[in-house]
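Hello,

Here is the structure I said I would pass on. Please have a look, then read my notes below.

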Amino acid sequence: MSDPWWRSAVVYQIYPRSFCDTTGNGIGDLEGIRRKLDHLVWLGVDALWLSPIFPSPMADHGYDVADYCDVEPLFGSLEDLDRLLDEAHARGLRLLLDWVPNHSSDRHPWFLESRASRDNPKRDWYVWVDGTPETPPTPWQAVFPAGPAWAWDERTRAWYLHRFTPEQPDLNWSNPDLRAAMLDTLRFWLDRGVDGFRMDVVHFIGIDPSRIAPGFDGPTDPARSHAHLREIRRVLDGYTGDRVGVGEVYILEPEELATYLGHDDELHLAFNFRPVWVPWDAKTYAREIDRAESAFAEPRWPTWVLSNHDRPRHRTRFGRDGAARAAAVWLLGVRGTPFLYAGEELGLQDAAVPPELVQDPMGSRDGCRAPLPWDATPGHGWASPEPWLPWPPEVDTRNVAALREDETSILHLYRRLLAARRASPALHAGRQRRLDGPDDVIVLERERDGDRRRVLVNFAPETRRCPADGDWIVEVASDGVGEGAAFDGRLAPDGAVVLRPER
Ligand code: GLC
């Protein structure tokens, strides 16, 4: 049996608001993504994941969904989505949507009905507790903004649960009609041909009403989340084409995270977010790799993420261009499915967003959501010169057009790495062994069906010697130096290489 496509794929995350604006309203759109498909093929990624594109009042920039089966007019229309999907498929690119099963918008018609009266048939589709306005049912706090996870609704004199903003009421997955309706939203998109879903905070969905009581730290019963994930998986499995479910399961213990793959009957992949939180340091990364290798041993398959729309970019966290280049070699060389966040291939740093321009309900995530600069013109390739957030730093030189021109750029490094990875079964599908190396250096050996590669990463901003046994050729180097020549055992400061055997 051949491996499903998502094991060897590199997934590129697009935050649609920030990608490319073609209408002039300062907000990126689906047509902007469509026009850049050839660029993404040139880059060499395999799949695109779009952060939510559904109709939304944008209290959380799309993670508050008012209709799971349509497209937000700011981004385009359903026809635009169909066209994007067709044109992506015609180029061999897969497309994943971002499904938000834990909560809807408070403007979703389901919630409007639910809050209309206590005996509304959809009352139980959300989590309501009768009471008095003085005392929320439990002391639970929302993830953001700071404050209780309950909002008082005067009309029916009851509290509703919102683990994120009050505009994002939690859906009640213990109600079978709600479950059926949500599974239908998956079918709607699967029927249109999408290749799968990134599933937002999906470990939260197993609501157990009996846990809404003193002594519980939240309403989620993990056993119920697992049961719902099995139902979700059966929907995906009902379609041909290896449709994939990737879970945003925000659990930082890999051993527990891995349980959300079930016995290959729940999620296909679950994000491992640890690298988003830990320092760029060889000992730390060695530990992370070893933990993931044991928690996601075959037949499981790990994932790796360095940046996304919720955390400062790794270029900003690490503070050095060289480290961001070395990290690219690591991310595209380590065993697992890597998720690239649009802009990391440009080495983008977070934008500085002054307080009066803050858009994010959490307050801290605008910097990494800065618009992508396409060229050095005043509008940087956007139809509006005034996008919804300020541009990232160095925008005149660090933009797609300028970096495409410059073969020594980080953009070209990503391109060479992606090409090397696609061509090498060892890199995209192989098993992995971590070999001993000198201090500050990680050495990975990858192998599949006789194909072999070594990935060496120097985490220090100083030269390190790392002689390799046998004769190896530098296939890709993070600084571009020596590619095609024999490896001389020297790793430049912040240097990382992919090596192939000489014969
Ligand atoms: C996830 C998303 C984040 C969003 C939150 C609520 O963590 O990645 O952007 O704010 O869920 O939907």
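**What I found**

The protein chain has 15 helices and 18 strands (DSSP runs numbered from the N terminus: helices are H or I with at least four residues, strands are E with at least two). Its radius of gyration is 23 Å, close to the 23 Å that the globule rule gives for 503 residues, so the chain is as compact as a globular protein of that length. That radius is taken over C-alpha atoms, and the rule is 2.2 Å times the number of residues to the power 0.38.

This is a predicted model: local features need pLDDT of at least 70, side-chain atom pairs count only at pLDDT 80 or more, and totals for chains, interfaces and linings use all residues. Residues are numbered from 1 along each chain as its sequence is written, and side-chain values use heavy atoms, with hydrogens and water left out.

Of the 503 residues, 62% are buried. Buried means under 20% relative accessible area, exposed over 50%, and partly exposed in between (1.4 Å probe, protein chains only).

**The ligand**

Which residues come nearest to the ligand? They are Asp60, His103, Asp200, Glu248 and Asp310, out of 13 around it. Near means that a heavy atom of the residue lies within 4 Å. The side chain of Asp60 has an N or O atom 2.5 Å from a ligand oxygen. For Asp310 the distance is 2.5 Å. For Asp200 it is 2.7 Å. The protein buries 96% of the 310 Å² that the ligand exposes when taken alone (Shrake-Rupley method, 1.4 Å probe).

**Loops to look at**

Thr156 sits in the loop between strands E5 (150-153) and E6 (158-161). Thr156 is buried, at 7% relative accessible area. Beyond four places in sequence, its contacts include Arg115, Arg123 and Trp128 (heavy atoms within 4.5 Å).

Most residues other than glycine have a negative phi, and most peptide bonds are trans. Here are some exceptions.

- Phe144 to Pro145 is a cis peptide bond, with omega near -10 degrees.
- Glu298 and Pro299 are also joined by a cis bond, with omega about 10 degrees.
- Asp242 has a positive phi of about 50 degrees. It lies between helix H7 (222-237) and strand E8 (244-247), and is partly exposed at 41%.
- Asp449 has a positive phi near 50 degrees. Its loop runs between strands E13 (441-448) and E14 (451-458), and Asp449 is exposed at 71%.

Best wishes

Definitions and conventions. Polar contact = N/O pair within 3.5 Å; in protein donor to acceptor, adjacent residues only side chain to side chain.
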